[in-house]
Amino acid sequence: MRLSVSRQRSGIGNVLPVKGERPPGRAAKKDRRMRRKTILVISADSLRAKIFHDCLEEAGFDVLIFDWNAEPAAAHRNEHAIQFVEGDEAGLVLLDWTLPDSSGIDLLRRLRSRPHSARLPVILIGESMQEKDRLDGLEAGADLCISDPQPIAVFLARVSALLRRSYTK
């Protein structure tokens, strides 16, 4: 399965699965410790968040979504997202590169400055991320920066590998 972004007349980015492919899920199901880890998705695109939720859940992960657009006051979105991350036993954060009124980089820097989330694995994901964008994300503290569209099997393998490296002793 591939995640692909389509642009409609409204200008809203939608993430759609490529027809005919199913996420394998085997990689995430092998390690029971990883299955118990909760993945938090922070995105302003509800459809993209739902696709990630469904793919990760089918692979055996617990997934929670922070709906960036549900918070009416733009000034409080970053703080509420940080509270969302710190309030749950997150194993990994999937963070959207482009957030209205802010950026994934700004939120990532704030997460890294706090003791509770400083070592939490974060995957920064965005549409058509260029090399400079990826470098900026890695310098800000992302563990991985990936572009959309992404083959779902590769995406799940990267999530599993990051969790495995972060939580095995």
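Which residue is the bridge partner of T38 in β5? I noted first that the model is a predicted one, and then I found that T38 is partnered in β5 by A90. Strand β3 (residues 38-43) and strand β5 (residues 90-96) run parallel and are joined by five bridges.

Next I looked at strand β4 (residues 62-67), which runs parallel to β3 and is joined to it by six bridges; here the bridge partner of V41 is I65. I followed the chain from β3 through helix α3 (residues 46-58) to β4, and this β-α-β crossover is right-handed.

Is β3 enclosed or open? I saw that six of its six residues are buried, so β3 is largely enclosed by the rest of the structure. In a regular strand, side chains alternate between the two faces of the sheet. I therefore checked both faces of β3, and each is covered, with T38, L40 and I42 buried on one side and I39, V41 and S43 buried on the other.

I then turned to helix α6 (residues 131-140), where I found D133, G137 and A140 buried. Viewed down the axis of α6, these buried residues fall within an arc of 65°, so they line one face of the helix. They pack against α5 (104-112), β8 (122-127) and β9 (144-148), whereas the face turned away from the buried side carries the exposed residues E131, K132 and E139.

Methods. Residues are numbered from 1 along each chain as its sequence is written. This is a predicted model: local features need pLDDT of at least 70, side-chain atom pairs count only at pLDDT 80 or more; totals for chains, interfaces and linings use all residues. Side-chain values use heavy atoms; hydrogens and water are left out. Buried means under 20% relative accessible area, exposed over 50%, partly exposed in between (1.4 Å probe, protein chains only). Helices (H or I, at least four residues) and strands (E, at least two) are DSSP runs, numbered from the N terminus. The arc is that of the directions from the helix axis to the C-beta atoms. Contact means heavy atoms within 4.5 Å. Two strands pair if DSSP finds at least two bridges between them. A crossover is right-handed if, with the strands pointing away from the viewer, the path from the first strand over the helix to the second runs clockwise.
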